[in-house]
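Please go through the model below with attention to its charged side-chain pairs, its helix packing and its surface. The report that follows takes these topics in turn.

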Amino acid sequence: MEESSKEPNSSLEDRTRLQAIIDTAIDGIITIDRSGIIETVNPAAARIFGYKSEEVIGQNISILMPEPDHSLHDQYIENYHQTGIGQIIGKGREVLGKKKDGTVFPFLLSISEVNLPNKKLFTGIIHDITNLKKAEAALRESENKINSIIQAAVDGIITIDTRGVIEMVNPSAAKLFGYHANDLIGKSINMLMPEPDHSRHDTYMDNYQTTGKKRIIGIGREVTGLRKDGTIFPFYLSISEVELADRKVYTGFIHDITQQKLNEEKLRRYAAELERSNLELQDFAYVSSHDLQEPLRKIQAFGDRLLAKEYANLSDQGKDYVERMLNAASRMQNLINDLLDFSRVTTKSKPFVKVNLEKVISEVLSDLEIIIEKSGAKIERAPLPEIEAEPTQMRQLFQNLISNAIKFRKETEPPVIKIYTKHVQRQAHLTATPGDESIEIYVEDNGIGFEEKYLDRIFNIFQRLEGQKYEGSGIGLAICRKIAIRHGGDITAKSKPGVGTTFILTLATKQPKE
């Protein structure tokens, strides 16, 4: 009697435990009869389909299916009963479900057949794979994007395995080496290398894998490539090492620098020729100026003696000749001094430092105080920035421009000189290299002006548009241009006769280290 009383209790506990497992399961569990009528639905299944359990129990399982399965499901069950061949029963597969709100979602369905003494049941376990599918779709989209980027990349991209065998080549890399991609896949990477790298590459890879010492991987450097037609070309190669789940691969990024290297070589030769030419010109200017000094001193010395000691014995015409000779010698002395100044712009130049142009202008105006007062000049100035420059040359530059504006004034009105500036960025987003950013300084006057057809002449050495009316050697603006060019800029002008002139001076804000 005691044993028979225990069995019902044990069976009840088992059923209770089993029901608790079903009710708390994460996956949905649904039981249908042989006709497809739902008998049980656990909370997870109800939640997955958006129903309450009582809304679906007693309904045909097809209410949880989109078309065409919704209409065909009864036929599926009938075919199984007749043939014993099931599409899902005992196998499991991905199918689509339909929620109460009409949305369709993917899930993994596995069905087991349960034969009870008096009837047959089918139990379906439902694992929602909506998020998994989204993740798979996102991964495919990411892979497609990456592949599109690789395929469309301007630079070449090649992937090799640890033996140096090519696994992937993008169109740019294939074109760069003169091949089709299929010609390269499966081949050794050394076929794209000239000697001696062609023969040594396997050793390079062995050394890296043995010692871990990097020559290009993660570093990058300029190397030479071999095209299909046998020609060689320079490119910049950077290699990244990628650890996959089961192996290691290397991806090389190839940037053709053929044009860059040609430009560098042309520039090197041009710079060497220019340096030689400049040295010759500087030597000529310096030596000529010094050689001219001695005979000029004698002319001046003997002319002064004539005036001092023989003046009374000279006729009026003789006195005039001596005075004109000494005036000419004085002009010649000024010309020689200006020529020496011109040659010193580069030969005696000092290193670039930070220069406050506001302070430079103030010092220049202080130096020019007497001629400013004498001419009645009015100076209007806006704040100027700090740049990298040679202070002495900046003073020389502004002194020439301001004194020029005062010199070439109208006789009928006092000079008005306006000094202002504008920031210039040569190319958007680029500010790192000296020369990327400049300032334009405007020195505007209301003077006599000139015809702009003479613009190319006024900055040339010894050029003067006004003949003997104004003093000077004609070297001042040539010096300005030479200083501006040394500071990564230039100088030009806008002018109208009788209206005035605006000189536009460009200077780089940063200078390369000399």
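## Salt bridges within helices

Arg-324 and Asp-320 lie four residues apart in helix 10 (residues 316–347), so they are separated by about one helical turn; helices here are DSSP runs of H or I with at least four residues, strands are E runs of at least two, and both are numbered from the N terminus. The side chains of Arg-324 and Asp-320 meet in a salt bridge at 3.3 Å, N to O, where a salt bridge is a side-chain nitrogen of Lys or Arg within 4 Å of a carboxyl oxygen of Asp or Glu. Arg-324 is exposed at 53% relative accessibility, whereas Asp-320 is partly exposed at 32% (buried means under 20% relative accessible area, exposed over 50%, partly exposed in between, with a 1.4 Å probe and protein chains only).

In helix 9, Glu-264 and Lys-261 are three residues apart and therefore about one helical turn from each other, and the closest N and O atoms of their salt bridge are 3.3 Å apart. Glu-264 is partly exposed at 37%, and Lys-261 is partly exposed at 28%.

## Basis of the model

This is a predicted model, in which local features need pLDDT of at least 70 and side-chain atom pairs count only at pLDDT 80 or more, while totals for chains, interfaces and linings use all residues. Residues are numbered from 1 along each chain as its sequence is written, and side-chain values use heavy atoms, with hydrogens and water left out.

The whole structure contains 22 salt bridges. One of them joins the side chains of Glu-167 and Arg-247 at 2.7 Å, N to O, and this pair links distant parts of the chain, with Glu-167 in strand 7 (residues 166–169) and Arg-247, 80 residues away, in the loop between strand 9 (232–243) and strand 10 (248–256). Glu-167 is partly exposed at 30% relative accessible area, as is Arg-247 at 35%.

## Helix packing and an exposed loop residue

Helix 13 and helix 15 (residues 476–486) pack at an angle of about 140 degrees, with their axes 9 Å apart; the axes are lines fitted to C-alpha atoms over the stretch in contact, and angles run from 0 to 180 degrees between N-to-C directions. Helix 13 is therefore oblique to helix 15, given that angles under 35 degrees count as roughly parallel, over 145 as roughly antiparallel, 65 to 115 as roughly perpendicular and the rest as oblique.

Thr-412 sits in the loop between helix 13 (391–407) and strand 14 (416–425), and Thr-412 is exposed, with a relative accessible area of 73%.
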